[in-house]
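Hello,

Here is the structure you were waiting for. Please open it first, then read my notes below.

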2 protein chains.
Amino acid sequence: MTKRGMLIVLSGPSGVGKGTVRKALFDEPDTDFQYSISMTTRKPREGEKNGVDYFFVSKHQFEENIKNGEMLEYAKYVDNYYGTPLKYVNETLDSGKDVFLEIEVNGAMQVRANCPDAVFVFLTPPDLMELKHRLINRGTEEMSVINARIKKAVGEIKMMRNYDYAVVNDEVDSAVARIRTIIRSERLRVSRVMPDYEQMLLEGDE
Amino acid sequence: MTKRGMLIVLSGPSGVGKGTVRKALFDEPDTDFQYSISMTTRKPREGEKNGVDYFFVSKHQFEENIKNGEMLEYAKYVDNYYGTPLKYVNETLDSGKDVFLEIEVNGAMQVRANCPDAVFVFLTPPDLMELKHRLINRGTEEMSVINARIKKAVGEIKMMRNYDYAVVNDEVDSAVARIRTIIRSERLRVSRVMPDYEQMLLEGDE
């Protein structure tokens, strides 16, 4: 029997840079876990590709998936759905490979409820003022929106308590290195390697 | 207030090479945690120095320490006591530094009872996982030898269940690298870094 893979969940406040860190992580040549592409009903931004950044689907299609129990997690933000299709995740874990999700905080809590042995990594802004600057520099939001985002971020950072690890996104390379360290370390957890040893003993007994 | 340091415990079966791995770990130039020297009543071996390898004390002194509650953990092996003086560990942790213990399995279980938030690393013999292959490939062992080896392996694996991480001591350098990865990763645990963030939350709420 193949040992089931490990599920790694990266989440964090809006605007903290989850997508950038995830992309840099998967640019590393020796990355040996699978990225599960999210599904969304929002329109692609400039440069985003279907099947690469997201699976872009219609609202009708997404709601069908929810109804049929085909989403591991999902959430609705500003009239758009975001979520993780269940099938790919399960098949990859069953094949013994580790799966990496980069998702919103509401979705992460759904995964936590369903997969308590997953590894939950919370990406944090170096401080709240820096989060504010990032939002301003993006240049696409009004001040009232920015203030609402910051209030939301305070709440989201409080949600950090529900995660296993906190990684500061001070520099992308440093954040990537920390996440790689966490994954390497989690692979050495007794609870994860125990099945290997037990299997060996059973076989040794034959 | 200074954040309290982290306690790291390395243990494993007799003869697995705990001392060799610990020495190699502390030979690394960037090791940034403190080694807590054990206390023992056994005589120094050739080359061992008091205050470096062990604190060598009399049986009377050691028993006084036990009586006065000055030992974090201790055990008796073949008429000699081995243990960890509590004072140095507490003072170093209080100063915010991480402390590393390399101790026997009985002692590790005492530390686990007293310090549940310490990190427990079990060093495993390389042949524990290779047991099956060794038995098959050799094909020359007597059944009594095979059974004794399997019984020993079962006991070792049962011990492992009480630890957080399992590190195979296949090569000293690899084992050291894995332990360093675990320590770096554990420093990112939400439960350990949360005090750092509470200040940021207060500032964000103003």
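These notes cover how the two chains are related and what lies between them.

First, a caution: the model is predicted.

Symmetry. Chain A can be laid on chain B by a turn of 177° and a shift of 0.2 Å along the axis, with an RMSD of 2.7 Å. That is how a two-fold axis relates its copies. Both copies use the same surface: 83% of the contact residues of chain A recur in chain B. To find the axis from chain A, look at Thr181(A). Among the residues of that chain, its C-alpha comes closest to the rotation axis, at 2.7 Å.

Interface size. Chain A puts 35 residues into the contact, and chain B puts in 34. About 3100 Å² is buried between the two chains. Carbon and sulfur atoms give 69% of that area.

The rule finds 2 salt bridges across the interface of chain A and chain B. One of the salt bridges joins the side chains of Arg189(A) and Glu186(B), at 3.5 Å from N to O.

Elements. On the side of chain A that touches chain B, two or more residues each come from α6 (143–158), β9 (165–168), α7 (172–186) and α8 (190–205) of chain A. The largest share comes from α8(A), with 11 residues. By class, this side of chain A has 19 nonpolar, 12 charged and 4 polar residues.

Best wishes

Methods
Residues numbered from 1 in each chain as written. Chains lettered and ligands numbered in written order. Predicted model: local features only at pLDDT ≥ 70, side-chain atom pairs only at ≥ 80, totals over all residues. Heavy atoms only, no water. Least-squares fit on C-alpha atoms with pLDDT ≥ 70 in both. Contact = heavy atoms within 4.5 Å. Buried area = accessible area lost by both parts, 1.4 Å probe. Salt bridge = Lys/Arg side-chain N within 4 Å of Asp/Glu carboxyl O. Helix = DSSP H or I, 4+ residues; strand = E, 2+ residues; numbered from the N terminus. Nonpolar A, V, L, I, M, F, W, Y, C, P; charged D, E, K, R; others polar.
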